[in-house]
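Hi everyone, thanks for making time today. Let me put the structure up on the screen, and then we'll walk through it together.

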Amino acid sequence: MKIAVLILAAGSASRMGEAKQLLPYKNTTLLGHAIYQAVKANVASVYCLIGANAEVIKKEIKQDVQFIYNPEWKKGLGHSIATGVNELEKKGYDSVLIMLADQPAIDTAYLNVLINTALKNPESCIASGYGDKLGVPAIFPQLLYQELGKLSGDVGARYILNSGMENLIVLNTKNKIEDIDTPDDYKRLLRK
């Protein structure tokens, strides 16, 4: 089973006030950390979907990652997901693991739990559960590509995951989900 990782990093990070993808974290950046975790996982390829600040991001990121550019990134998260998934569908991947650039607690070990679950259940969607909601990181099999490809605006993958779909397996994230959206979020992260 050929799985690609799609790291979403196309937004302008308006609540942060600067390109949060490039905020320093550990020995790299938030995006660099996400790429590092994904590259070490048991996947065929890692792609990074970029839009806002694309040239700066491409220049700063030194890891072995392939970029997909969404020129219409202002159309929202859903449009970015659709752009990325439509591109990966052409490349023949059986499943896509969608993750965010701003969830630094997500590590290779957790990604491999998602991947191993998907390998045992190739027709199922594997989602991360937090509280009473489902979200990413999540693995979507090819049979959901068409639905993902129709997303638009700020309606992301969470919409599909929380729609009562069949063939859904939910994994406990054990407090790994923590988005870094604001300067206060980032300060909390650095204090840990």
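**The sheet and the helix across it**

Let's begin with strand β1, residues 3–9, and strand β6, residues 95–100: the two run parallel and are joined by six bridges. To find one of those spots yourself, look at L8, whose bridge partner in β6 is L100. Please keep in mind that this is a predicted model.

Now zoom out. These strands belong to an open sheet of seven, in the order β5-β4-β1-β6-β8-β7-β9, and the pairing is mixed. At the edges we have β5, residues 66–69, and β9, residues 168–172; each has a single partner strand, so one side of each is left without a neighbour in the sheet. From one strand to the next, the twist averages 30°.

Next, helix α3, residues 77–90. This helix lies across β1, β4, β5 and β6, and runs at about 150° to β1. Which residues of α3 are buried? They are G78, H79, S80, I81, A82, T83, G84, V85 and L88. The buried residues of α3 pack against β1, β4, β5 and β6, and also against α5 and α6. Just after α3 comes G92, with a positive phi of about 80°.

One last stop: T117, in helix α4, residues 108–120. Is T117 buried or exposed? Its relative accessible area is 16%, and buried means under 20%, so T117 counts as buried. Leaving aside neighbours within four places in sequence, T117 is in contact with I126, I169 and L171.

Methods. Residues numbered from 1 in each chain as written. Predicted model: local features only at pLDDT ≥ 70, side-chain atom pairs only at ≥ 80, totals over all residues. Heavy atoms only, no water. Pairing = 2+ DSSP bridges. Helix = DSSP H or I, 4+ residues; strand = E, 2+ residues; numbered from the N terminus. Axes fitted to C-alpha atoms, helices over the stretch in contact; angles between N-to-C directions. Contact = heavy atoms within 4.5 Å. Buried < 20%, exposed > 50% of the residue type's maximum accessible area, 1.4 Å probe, protein only.
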